[in-house]
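Please consider the following protein model together with its sequence. The explanation below the display is meant to be read alongside both.

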Amino acid sequence: MADGSVIDRGERWSLAGATALVTGGSKGIGHTIVEELAAFGVRVHTCSRSAADLEACRRRWSEMGLDVTVTACDLAVRADRERLMETVKATFDGKLDILVNNAAQLFLKPVAQCTAEDFSRCMATNLESCFHLCQLAHPLLLNASLAGGGSVVNVSSIGSLLAYNNITLYGTAKAGMNQLTRSLAAEWASDKIRVNCVAPGLIMTDMTKVVEPEFLEPEISRVPMQRCGEVEEVASVVSFLSMPASSYVTGQVIRIDGGRTISA
């Protein structure tokens, strides 16, 4: 497809037989992305800090007939990221079609109270891990078997586009992810690797549930669709961006926010 030739319609909308690494797949948006891709016939590898959570997920996915393997690791640690990618390389025979950088931590703290350790941990988990995993995955993505080449999808946030109190560290890291997406898309286009980003708005996950109700209610009122998003509504866009059907889409930050960022 990279030469402009036409992909068969069935092939455009198929992910059957593809391989994917989805970080942070034991819960929330990442968990649903794993299930969505696996349901399309993708062989998925995922990771989380909690070995117990991962094993519970793996057993459930196996019972569902989904092809998912797992690794417990802390993505804030460089050696863990390298170990993860070595496992992926061995699992998928040196090839990778899809990389989804989803793992993140929400840091809720006023800037004046943030420590150097807070800053380092947030950037390592939410931005550095994305950058490093893209680097490590690059040789595997060059061997992608999907029509149109490999695909990277980063999971950002509208917190990278709007200013909210108490999430400055989180928003700053996610804004860096947006720019990383654009820069890699330009740099890797000649390698037949597309790089895109989704920026969810208010989505009901465990991470969102720690936010105080006095923040959530007025925030929902500013969403034109007047509701929170569902994890499946994010996962479906990630799946599309992974498919050959989106083969001319790269360098984009796609907002999945019910219209929040276009409202007054």
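The structure is a predicted model, in which local features need pLDDT of at least 70, side-chain atom pairs count only at pLDDT 80 or more, and totals for chains, interfaces and linings use all residues. Residues are numbered from 1 along each chain as its sequence is written, and side-chain values use heavy atoms, with hydrogens and water left out.

Helices (H or I, at least four residues) and strands (E, at least two) are DSSP runs numbered from the N terminus. Helix 2 comprises 12 residues, 28-39, and spans 17 Å from its first C-alpha to its last, close to the expected 16 Å; the expectation is 1.5 Å times one less than the number of residues. Of these 12 residues, 9 are buried, and the helix is thus mostly covered. Buried denotes under 20% relative accessible area, exposed over 50%, and partly exposed in between (1.4 Å probe, protein chains only). Among the buried residues of helix 2 are Ile29, His31, Glu35 and Leu37. After the helix comes Gly41, with a positive phi near 95°.

Helix 4 (residues 78-91) packs against helix 5 (residues 116-141) at an angle of about 35°, their axes lying 10 Å apart. Axes are lines fitted to C-alpha atoms, for helices over the stretch in contact, and angles run from 0 to 180 degrees between N-to-C directions. Helix 4 contributes Arg78, Arg81, Glu82, Leu84, Met85, Val88 and Lys89 to the contact, while the residues from helix 5 include Ala124, Glu128, His132 and Leu136; contact means heavy atoms within 4.5 Å.

Most residues other than glycine have a negative phi. Asp93, although not a glycine, has a positive phi of about 55°. Asp93 lies in the loop between helix 4 and strand 4 (98-101), and is exposed, with a relative accessible area of 65%. Asn166 likewise has a positive phi, near 75°; its loop runs between strand 5 (150-155) and helix 6 (168-188). With a relative accessible area of 37%, Asn166 is partly exposed.

Leaving aside residues up to four places away in sequence, Thr205 touches Gly28, Ile29 and Val231.
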